Amino acid sequence: MPSVTAYPSTITQTSGGNFQTFSNLNNLKNASNTYAKTGKIAGKTGTKKRPSTITCTNFQISLPVGAEPTSITIEYAHQKLDDTKDKYPSIAAPTIHLKNSGVSPVTYVTKQGSTPTKDLLAKTATFNGKVQAETVVGTTTQTVNGITTTVPKFKTTTVYYDMPSRNAVQSSNFGVVIDYPANTSANTGYLQLKYIRIKVNYKLTTYGISVSKMSSDDVYADTTMGFQVELTNINQTAYATNVLITLPPGTVIDSVTGNVGDFIQWDQNQYVWKPPQSKDFTTRQLLLFLKFTEGNKTITVLEKLNNTTSHVDFTVYPQRIYSSSNDNLFGAESILYSFVNTEFTLPIKLAKDFIESTDLTAIYIFNDRQMTVNGFARPDNGSTAISLQDFDEDGYCEVPCSCPNEGEYLIGLNTSSESPEAPTFLLRIAPTMGRQLEVAILELSEEETDRLGDGEVYTVNTDLILYSDETYYYHDYYRNDRIGVVNTIAETDDKTAILNACNHFSDGMTTINHWEEKNVEFTYDKTYPVYILFVGNAINDPDYEKTSINFTHPNLFLSEDEYTPEVCILPTPLENLINDNGIASVDVPIRQSTNQIIFKELGFDQDFGTNENYAIRGLGLILECESNGQIVANAKIKSPSGLVGQQSTIITPNKNIFYIGGEYDLWGFNISNMEDLSDWTVELNFGNVYSNNESKTIHIEMTSLKIVAYYLEMDNSNVHQIYVEDENLEWYNVFIKDWKSPSGIKTNVKYLNVDGTDINDATNQTIKEKEIEIEFDIDGCDLTESTSMLQQVTRLLTNKRNELNKPIPKIVRSSFEPNVFYEYILEEGIDAQIKISGYECKVKLTVPAGTNYAIDDTVTNASGVVNSIARVNPTIIVVPQADTIELLEEHSEQKFQAGRSDWIGKYVEIDCENRIVWLRENEEDEPVNISSSADFNVDWFNLDGAYNFLPSNCIIQTVTFTERG
């Protein structure tokens, strides 16, 4: 299987708090004998006891068009080092997860790495689209100290998820995060990394294409012939392709059927077929029914992605013509439809006065191609006599016929044995595979599939009846009527795709107007939805409208004979909880709980939640119920992404309305989490945990459960936004008045106040912390509401603390400075002055680092400006055009020269911070250290302010650096 291995171009790390940072992070961008090493990691009671979390992005991965990743392996090499001989720190395995992978939930792409040892070892962590998970498949009871409780019953299953897409892994934001835990030993030491890289295995999108004539019969001018275009998805990938179909000039398209998707005209004789796409399909077929003029013809098909072609050559012979006509007797030409080897009736109607006056005893049916007429096999250009005694008093007769081949047949009628000049009937015979079956599809809800066990065999049972007013039914089409099950494809609205994927069918109907029981078995796979199919007659059956099908509600049960349903404790009737029709009641035995009651489709408008118009400020449940004793109500609120908030309350006999949550209660969620509440779910159960009487059963009667969302309607009055940990202060009814962030730096040495100043004093300056000051108003409807808002803003701004009671820095950013963020600690309370119905507030945030951090690296070409307070050492990528190159920085006159005979047209990376030069054949190759090729007295560029590089014998691609201001 093809693969690509890449190193990160951007590496960042956390700092502050307990984190001990790495030096020389750029050494991780290759596998050379250089390392990134932490400062001294403190013992378990120290401060800097945890290695910084490393984030690697911008791997510059390039995959072929249509490629799909099949596995992603994180490769890294690490070791721990002692500070005191043979006394090593104890650092457990890191947590490794993919960043911006597009996979949800993120736990699917999160793994434990390997514990670092004193030896430098290469380690890997692989993500391959499947994880092992514990799932609840039912309940069981357990008795501890004489107390019996109902507990979940778990089963280990394999959960499959979609791997990150090609676009995701090629994004510069895609990457890997390696998060080491803190040192748990008293020993101090170091952690050292040699490299971090990603290996992406992928499969290519490969299609097979073919075109063929659907019949071995000759093709005649102005006569329809069927052609089949077949597209094979060899590697079953999801990338859609197009097929360019070139038809001979003068071709007339009679009809297009099969897996059509989109079929559009591209040019005069060219058409583009865009088949419906899914990675689960193996083949797609397009059926073209065409007419041609005389001559030698070719149909060519081109699959656009792989540029593969196929063609079919054939000859079109002159049109077939009969010799005489009797239209006045038999009427104009009629078109009839049927299928290969399928009996149909030829309806013949004679004029009534002809039957009454004629002396003839028969009429003649003429066929141009081999077929069966009235039970007799007839060759090409055959004829069959039909006795006039077979006609009824109205001149009507139905002659049974069948055709062995698809295509068009010409049927003529005459009163003599001479063939007529023109046909009376045109038969269009389709292959059996061309049937378009009618199908109704029932998808099981999540509530129903939640009760199924992964890997278990289930039976679907129903009764079918096929109604028809016909006293007889010539065709066998009713044998299509049956039920089926599909549990092998992702959720889709494409009926054709579901029908094509169905491999589990019951037996077909055997008669009409009688009920028949039908069963079909399948093995449940929780990865996919369950579709139950009710398959009817072919839509293009001539007798399609003569029948209708009806069925009873399907039953679903385990196929094992010994299966007995588990006893559930649920309120009945359950639907009364969501309507006004009455009471739902349940008896809860002592020390037992009800099953989970799951509420979905909560009634909110689509997309209602935290967005540009609203900020959700709280969620509340209102339960109307009565009980004859104390009982606990446990509630959960779940987001589509898997986040869960849970609370409980005690139901008592002397009340009938109970509240869980409410205004300003976010259930542990952030406001930013609360998007599109229409897709959220609520779970509720009741536990009898307070009774002491062994026979005490609590009876509870429930009228309704309501969910209430409390929200703030945004007026977008804030010109600027401030975010704390990605929470917008505007969501808390905050109006920003001012943001004061001192520019420049504050140092601990005042140069001009030092007696006996020498040139070393200024270099000893250390950057000190500085403060950000924010002024804002909080205006609620009244002072009570504003006070609640102030309390929540205070909670948001306050730092959490670690196990040593030290504050953990939070991140603040603002639209005043949109491209940077600060790490801060709140050391003083908010200065809040009361006004009529709100507060005027000031708060100071201490920035320990004394500077901000750029969110993104600065990347330019040869010229640009360094806006950073400190000088920067850039990384420069050039492409040599000769054996020797030179870079001259125009303003500072710094110069870099190097020479090498084998680097023309390749990529050279000049890392000025680490004073290393790297060489790559192309962007995906591992780099080679060629620092010795640089002159011994080169300037490793140190930039401040404007810069402009003047290259000689090379092309500058990028100049990259990180600013801190």
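**Close-up views of a predicted model**

**View 1. A cis proline in a loop.** Pro 105 sits in the loop that runs between strand E9 (95-99) and strand E10 (110-112). Helices (H or I, at least four residues) and strands (E, at least two) are DSSP runs, numbered from the N terminus. The peptide bond going from Ser 104 to Pro 105 is cis, with omega near -5 degrees. A word on the model: this one is predicted, with local features needing pLDDT of at least 70 and side-chain atom pairs counting only at pLDDT 80 or more, while totals for chains, interfaces and linings use all residues. Residues are numbered from 1 along each chain as its sequence is written, and side-chain values use heavy atoms, with hydrogens and water left out.

**View 2. Two loop residues with positive phi.** Asn 733 has phi near 65 degrees, a positive value in a residue other than glycine. Look for Asn 733 in the loop between strand E52 (727-728) and strand E53 (734-740). Glu 893, also not a glycine, has a positive phi near 60 degrees, and its loop joins strand E65 (884-889) to strand E66 (895-899). Glu 893 is exposed, at 62% relative accessible area. Here buried means under 20% relative accessible area, exposed over 50%, and partly exposed in between (1.4 Å probe, protein chains only).

**View 3. Arg 197 meets Glu 75.** The side chains of Arg 197 and Glu 75 form a salt bridge, 2.6 Å from N to O. Arg 197 belongs to strand E15 (residues 189-203) and Glu 75 to strand E8 (residues 68-82), so this pair ties together parts 122 residues apart in sequence. A salt bridge is a side-chain nitrogen of Lys or Arg within 4 Å of a carboxyl oxygen of Asp or Glu. Both partners are tucked away: Arg 197 is buried at 14% relative accessible area, and Glu 75 is buried at 15%.

**View 4. Lys 638 meets Glu 683.** In this salt bridge, the closest N and O atoms of Lys 638 and Glu 683 are 2.9 Å apart. The pair links distant parts of the chain, with Lys 638 in strand E46 (residues 631-638) and Glu 683 in strand E49, 45 residues apart. Lys 638 is partly exposed at 27% relative accessibility, whereas Glu 683 is buried at 9%.

**View 5. Asp 726 meets Arg 813.** Asp 726 and Arg 813 make a salt bridge, their closest N and O atoms being 3.2 Å apart. Distant parts of the chain are linked here: Asp 726 is in the loop between strand E51 (722-724) and E52, and Arg 813 is in strand E57 (residues 810-814), 87 residues apart. Asp 726 counts as partly exposed at 49% relative accessibility, and so does Arg 813 at 30%.

**View 6. A salt-bridge network.** Lys 737, Asp 777, Asp 779 and Lys 835 are joined in a network of salt bridges. The structure holds 16 salt bridges.

**View 7. A nonpolar surface patch.** Ile 650, Val 689 and Tyr 690 make up a nonpolar patch on the surface, with about 260 Å² of accessible area together. Patches are made of residues with over 30% relative accessible area and no salt bridge: like charges are joined within 9 Å, nonpolar side chains (Val, Leu, Ile, Met, Phe, Trp, Tyr) within 5 Å. Accessible areas come from the Shrake-Rupley method with a 1.4 Å probe; for residues, only the protein chains shown count as cover. Tyr 690 is partly exposed at 36% relative accessible area.
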